[in-house]
Amino acid sequence: MRRQRNVKIVATLGPASSTYETIKALHEAGADVFRLNMSHGSHDEIAERHKIIRQIEDELSSPIAILADLQGPKLRVGTFANEAEDLVEGAKFRLDLDETPGDINRVCLPHKEIFAALKPGANLLVNDGKIRLQVEDCSDDYANCVVTTGGTISNRKGVNVPDVVLPLAALSAKDKKDLEFVCELGVDWLALSFVQRPADVLEAREMVRGRASVLSKIEKPAAVQDFDAILDVSDGIMVARGDLGVELPVQNVPPIQKRLIRRCRRDAKPVIVATQMLESMIESPMPTRAEVSDVATAIYEGSDAIMLSAESAAGDYPIEAVTTMNNVAIEVENDPNYREVIEASRHVKGESVADAIVAAAREIAETTEISAICCFSQSGTTALKVARERPRVPIVAMTSRRGTARRLALTWGTTTVITEEFNRFKSSVLASVGAVKRMGLATEKDQVVVTAGVPFNIPGTTNILRVAPCDERLIYASEPE
């Protein structure tokens with residue numbers, strides 16, 4: 001399915017979008033990737049949604065990526081005898097390991113790992129940062145705090161600890177079970193929550209064993225500080241602005257988002273911008289103007305994908321939300337300023353023959369009459385490098401691997417075509433021009449750029465660039481074997 005835009009759309013499935021009819025309508029409206037949120041839904045429900053997506057994929061002959069998003073460790077306070085208490089600024093409040101129901105003076109925090117890492121002066125944020133506590137003194141089983149921002153604290157509210165790296169693994173016991181389940185199910189991407197350090201990603205990769213690509217969610221200050229090292233061991237990135245905006249001052253999030261997107265593009269790794277993009281559409285058929293501007297900003301910055309969470313999972317208008325994102329993307333990418341911004345942020349990187357090949361492909365496509373860039377890519381790496389260039393012409397990724405085709409559904413500007421394995425360059429050129437003509441991207445009078453590697457079907461061997469006519473008679477007459 002050829003979209004009229006380059007940025008991809010990720011739609012989260014949930015109670016509002018769990019039927020065949022709705023999921024198909026979401027895909028047709030513009031969803032390229034479906035997110036399965038492992039924080040909600042049983043394994044049976046997740047398996048049913050996975051089955052429906054694959055059925056739609058087969059019916060439409062349109063590769064669809066499935067992203068399973070692991071919950072990660074959840075840090076929460078215990079319960080209160082009165083269910084809730086009002087904390088006032090300046091009051092003293094104690095967190096400890098005592099499971100006795102809490103009161104106005106204390107509550108249980110059943111996470112000894114937090115106490116092991118705390119130091120005086122550290123801040124704890126409760127209920128998405130609505131309540132702020134500052135540690136005055138602490139030990140391995142308690143923390144005496146002063147309330148710096150008051151509010152109502154109630155049973156099992158979430159806790160964020162932005163100032164320290166917690167001695168917690170990114171994978172909880174539940175995450176490990178979920179990881180094995182979705183990998184056996186056959187998802188394409190695995191999103192890892194609570195990433196603080198590269199070791200968190202490496203642990204997940206060891207468990208995944210190549211069955212899915214690993215995407216790191218950047219939602220903690222420690223991950224921002226160590227981002228380059230985390231990016232090195234990740235296949236992709238999600239800028240998870242929800243928790244990031246809780247643990248850091250909100251004004252820090254926009255420049256972090258811009259910086260992370262550019263670094264991901266530099267390394268040719270997909271990046272998703274997520275959280276509250278069209279939040280008002282959970283209950284309204286129309287977004288706010290500010291939300292539309294937020295979506296547009298992520299597109300102008302060169303993000304590979306933009307994501308809907310509750311809007312499509314639990315909202316009243318899931319299809320309208322996807323349609324809105326699709327329409328905003330088309331409008332932005334048709335703006336002449338969009339090309340200027342995208343090209344101004346291009347990072348020149350030439351470490352390999354493949355880097356030089358894809359840079360040349362983009363340059364040729366933009367200085368001559370070229371209809372598309374067709375790249376043969378078994379692992380997907382060459383297609384990612386072509387997408388990094390953000391060419392003005394469509395990118396058609398040709399691969400014999402269905403898994404590669406699905407994973408590339410998350411990549412900017414890339415339409416994938418599943419083809420047979422080829423042993424001759426002429427056959428690959430013929431397949432390329434046939435594909436672009438079937439897709440309506442070219443006629444027999446046009447030309448395409450084809451990149452491939454010899455020997456064929458070996459990842460990492462891109463070493464050929466050919467400007468080919470779309471008239472197959474001319475290929476038979478002139479192309480080398």
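## Ground rules

Because the model is predicted, local features need pLDDT of at least 70 and side-chain atom pairs count only at pLDDT 80 or more, while totals for chains, interfaces and linings use all residues. Residues are numbered from 1 along each chain as its sequence is written, and side-chain values use heavy atoms, with hydrogens and water left out.

Helices (H or I, at least four residues) and strands (E, at least two) are DSSP runs, numbered from the N terminus. Two strands pair if DSSP finds at least two bridges between them.

## The annotated barrel domain

The unreviewed UniProt entry carries the annotation "domain: Pyruvate kinase barrel" over residues 5-322. UniProt positions follow the numbering used here, feature names are shortened, and annotations may be inferred rather than shown by experiment. Over residues 5-322, the chain comes out as 35% helix and 24% strand, and the end C-alpha atoms sit 13 Å apart.

## The six-stranded sheet

Six strands make an open sheet with mixed pairing, in the order β6-β5-β9-β8-β7-β11. The edges are β6 and β11 (159-160), each of which pairs on one side only.

Start with β5 (residues 92-96). Five bridges tie β5 to β9 (residues 142-149) in the antiparallel sense, and D96 stands opposite Y142 in β9. With β6 (residues 106-108), β5 runs parallel, joined by three bridges; here the bridge partner of D96 is C108 in β6.

For angles, axes are lines fitted to C-alpha atoms, for helices over the stretch in contact, and the values run from 0 to 180 degrees between N-to-C directions.

Strand β18 (residues 395-399) pairs with β19 in the parallel sense over five bridges, and A397 stands opposite T416 in β19.

Two packed helices are described by the angle between their axes and the distance between the axes. As for the labels, angles under 35 degrees count as roughly parallel, over 145 as roughly antiparallel, 65 to 115 as roughly perpendicular and the rest as oblique. A crossing is left-handed if the near helix is turned anticlockwise from the far one by less than a right angle, and right-handed if clockwise. For residue classes, Ala, Val, Leu, Ile, Met, Phe, Trp, Tyr, Cys and Pro are nonpolar, Asp, Glu, Lys and Arg are charged, and the others, Gly among them, are polar.

Take α1 (residues 20-29) and α2 (residues 43-60): they pack at an angle of about 55°, with axes 10 Å apart, so α1 is oblique to α2. α1 passes α2 in a right-handed crossing. On the α1 side the contact uses Y20, I23, K24, H27 and E28, and on the α2 side I52, I53, Q55, I56, E59 and L60. By class, that gives six nonpolar, two polar and three charged residues.

Next, the axes of α4 (residues 173-185) and α5 (residues 198-208) come within 10 Å and cross at roughly 45°, so α4 is oblique to α5. The crossing is right-handed. K176, L179 and C183 of α4 meet E203, A204, M207 and V208 of α5, a set with five nonpolar, no polar and two charged residues.

Finally, α14 (residues 353-367) packs with α15 at about 50°, the axes being 9 Å apart, so α14 is oblique to α15. α14 passes α15 in a right-handed crossing. A354, D355 and V358 in α14 face T382, K385, V386 and R388 in α15, and the classes are three nonpolar, one polar and three charged.

How values were computed: Contact means heavy atoms within 4.5 Å.
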